[in-house]
Amino acid sequence: MGTNPTPTGRPSRRQILASAAGLAAAGAVGGYAWHHSRSGTPDGDVPGDGDVPGDGDVSVPTGGYRFERLAAPARTVVRAADGRVLATFTDGARTALLTGPTRTWSEPRTTGAVVRGDAWVRLMDGAWSRGKERTRWFRGWFPKALADRSPDVIAVAFQYGDGAPDLRTDSGLRYAGKAHFGPLLPGQSPTSFHSRDEKSDFYDYLGVPWTFPDGIRKHPEKKRYGDVDCSGFMRLVWGYRMGYPMHATNNPGTGLPAGPTPSPTGPRRAADPEHRPATCRHQPATPRRPRLLRHRDRPTSRHRPRRHVPGAGHRRASALLFQPLTGQRAHHGRPGRPRHARRPWLLRPGVSHGPPPVKPTPPARSQRSPAMDAATLTRDPTDRHHRTHRTRRGGHAKRRRRTTISREAYALLLILAAAAVLYAWGIGRTPVHPYYSAAVRSMAADWNAFVFGGLDPSGSITVDKIPGALWPQALSVRLFGPYTWAVVLPQVLEGVLAVWVLHRIVRAWAGPFAGLLAALVLTLTPVTVALNRHNIPDTLLVLLLVLAAGSLQKAVATGRLLPLLGCGAWVGLAFQAKMLQAWLVLPVFAAVYLWAAPGSRLDRARRLLLAGITALVVSCSWLLLVWASPAAHRPYIDGTTDNNPFTLVFGYNGLSRFGDDPHALGAVAGTAASRSTGNTGWSMVVNHTVGPQIAWLLPLAVLALALGVWWRAGQPRTDGPRAGLLLWGGWLVVHIVVFSNSNGNHGYYTTVLAPALAALTGSGVALFWAEYRAGGRRRRALPVAVALTALWAAAIDGPHSGFAPWLLPVVLMLGLCGTVGLWTSGPDTARRTVHGALAASLTAVLLAPAVWAASCLHPRYPGSAMEPLAGPVGPGYDARHHHPVKVPRFPLSKPSARDTALLNYLSAHRSGEKYLLATQAAYGAEPLLRATSQPILVMGGFTGLTPYPTARRLSDLVSTHQLRYALLTTRRPTTPASAWVKKNCTRIPPAPTVGPRAEATPSTTALKAHDLLET
């Protein structure tokens, strides 16, 4: 019997198409289901509104609707039989734009403009989606909505403008009428811009207390009765009057948040806007007063309406109010607009503000979605005549909108493309771990070996880890064939997905700028690039833990159980990848949830207990499966003396790595091949080997954590920005403490620190930039952080100055320019100068890790197959530097000439035995398992010390003609099984193609041995 044919040539068309399908499927991963929450109930009456007559009447058709799907934005237009537009529904929006009687709107005190329109805005029960017109709900709701003449959103908003009459409930509660912005501040002129105090919410205007869904009860201030500020006006109209959900705090959550509170990381973002329908989470960009959006700054259909809207009754307030509630974020003015730049007027309800505003110009239709078009919309946007008119009036605005909307998307795509290139370039030639790649090929050849993690296709013994991280690699090899690139491809996808998921999480927590920067930092982390180009399990661990952090962030923001259970499930899956290391984040997750999640202590504890049970069950699922399977029907558990999977996890890979007992819980003692003794102590993260891999941005991350928590002191317990800082800061601290106190660490273990450092760096820079633009003493934090990070980079790169001699001077020069430029900039400094200083600072911060990360693509720094590291460090570089030999890459299906000769000999002399041969430890079996899918008995497992098979079991295999050949090595300790081989075998005479060998006669139990490494 010969060996399996070695695949040659390029991948087939089927393999290429399958690769493309796999990439497409991986890109579709993400998102959780979000549920609507109910709004709170007031301790007063909910008003009942009367009809609002219009200037004309519109007949309501009784049938014959025609539905038309349009794009940009995606929407459904309902037309009557005669072609008239009856309604427009934008996908993802809860607002419905209906055609009704024409109405006239004006506010003579603030403007002479008069607006007429037939647009009526209604709030639906749920977000619109394609095909919803076929539902029973729509067929019953739509005719009633068309005929409804009760006040819509526009009419309700104008009930608070100047001159609006008071409206009261039967019990006397005043729920509508002229509203003021806030109490008059002492010493201020009534016409001054700063004359009125903010922080007046809807319950202040009503003068009644309000109980929110999470149990928080808010009481009005007597001096604020009849007053409502910008955000309060939004909540008064959308929440109290229209029934949209509200919550008590300014934290991200389902519903309208509370009043303006500056976010430490720039504009606060919700946890996952694209997967939370019909939420409204508008946040101020800085601690300064919100500004009125000018014509060219108005949000488009893909942006959230600003939370801080001018007072009731003002024409621009209504224009902002009636945009679709789609869960998209607001664009706060022009991108990069300096905070010290001149701000336009902020108009408040019922307050004179000096010079009147200019005559309004209707916004270009290219800047509005259908649901945004309030009183000015009289025709469908697709009308041919108005399409030409729109092109003439709004061409420039449309081009501007496209640039603004696409900028972040383009940046993210560029970052993901850079990650794909760094991780995937030349993966067919990358060195892969010989032990894991051998197991992957075996698992790909047999489903039993796949499930239990068999080291050889027959499943005689398992790998010395839980095989969860090897399952994607085995599936890839089974799909594409035994190629090196097929083994590494899942790692590339996992790495790119981790970048994308981290961007989503940080964006929801700290804003788009922070999200993009965090994704870029993770992409350019040197150890992450090195590891994602190999087949070591830590890549999958990082991805799953980042997903768990995202679920926890949602759970903290909403208080719901489903995201928290998802967090537990992700941690359990991460346990399948790297066992106990996945549990290191659990104390941090639990503490953050108990501290910052809404609800009572008992509710939080109960939900956390359920999540912990979920994490435990998912974590132990494979262990329970193996434990419940009969020992005769599964492989022997490597690393154990009792064949117990719990010993493998908690003994061999657990306590024996931290304590003094190498045989903890029945584990097999580790060897130099299975244990690393270096990189320990409190300086391990910053030593000359590990420091260049992970620690470039450590000062910036620590400074962001410390200042962010300090600046959020005094905020409510459920403060979202502080919770995020504690989450990522705790992640970072716990791992550093554990690594520093272990018996030894591989340098690539620190890749798990990369997401925390990236998140803290992204949010920190966004925070410092927001404070810098706001002015004050805190603006110094940004230049100080840049200076410290540049000096730190010089300290890390100093011992390796010969690697890239130009790098250190460039980093210091850019850091100096950025620091000085930011420190000396003032209110009169040009915007381009400030942004140039910021660009120089970011380049100084990211240049060094980027250069080290890019070194992984150079053939001189390929990294070790067993310990992949970037740059001129690690065993791979040291071996190549001191001994200029070819770096072993351990490819699949490409055995060496010696291994090919041995396989040919064994196959030619095989006569029906189950095993091709037996080897002493995995060391001798690895090259053969990578080359063939034939069963090989691995005696002693990875270390060679696992008591399997026993000498008696080995004798039975030989006597039953299941085994004929054995392969011994002097590089592993002698065991009873290897001693039995030496005692009962005869040496095979040397041959030119095989080497030294020994042979025993059948009368002495036929067994043959061959010491491959001695030849």
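Visitor: Which exposed residues does the face of α31 turned away from its buried side carry?

Guide: That face carries Pro-976, Lys-982 and Lys-983, where exposed means over 50% relative accessible area, buried under 20%, and partly exposed in between (1.4 Å probe, protein chains only). The model is predicted, so local features need pLDDT of at least 70 and side-chain atom pairs pLDDT 80 or more, while totals for chains, interfaces and linings use all residues. Residues are numbered from 1 along each chain as its sequence is written, and side-chain values use heavy atoms, without hydrogens and water.

Visitor: What makes the buried residues of α31 line one face of the helix?

Guide: The buried residues of α31 (residues 976–984) are Ala-977, Ser-978, Trp-980 and Val-981. Seen down the helix axis, they fall within an arc of 155°, so they line one face; the arc is that of the directions from the axis to the C-beta atoms. Helices are DSSP runs (H or I, at least four residues) and strands likewise (E, at least two), numbered from the N terminus.

Visitor: Why is Arg-224 called buried?

Guide: Its relative accessible area is 3%, and buried therefore applies. Asp-197, at 24%, is partly exposed.
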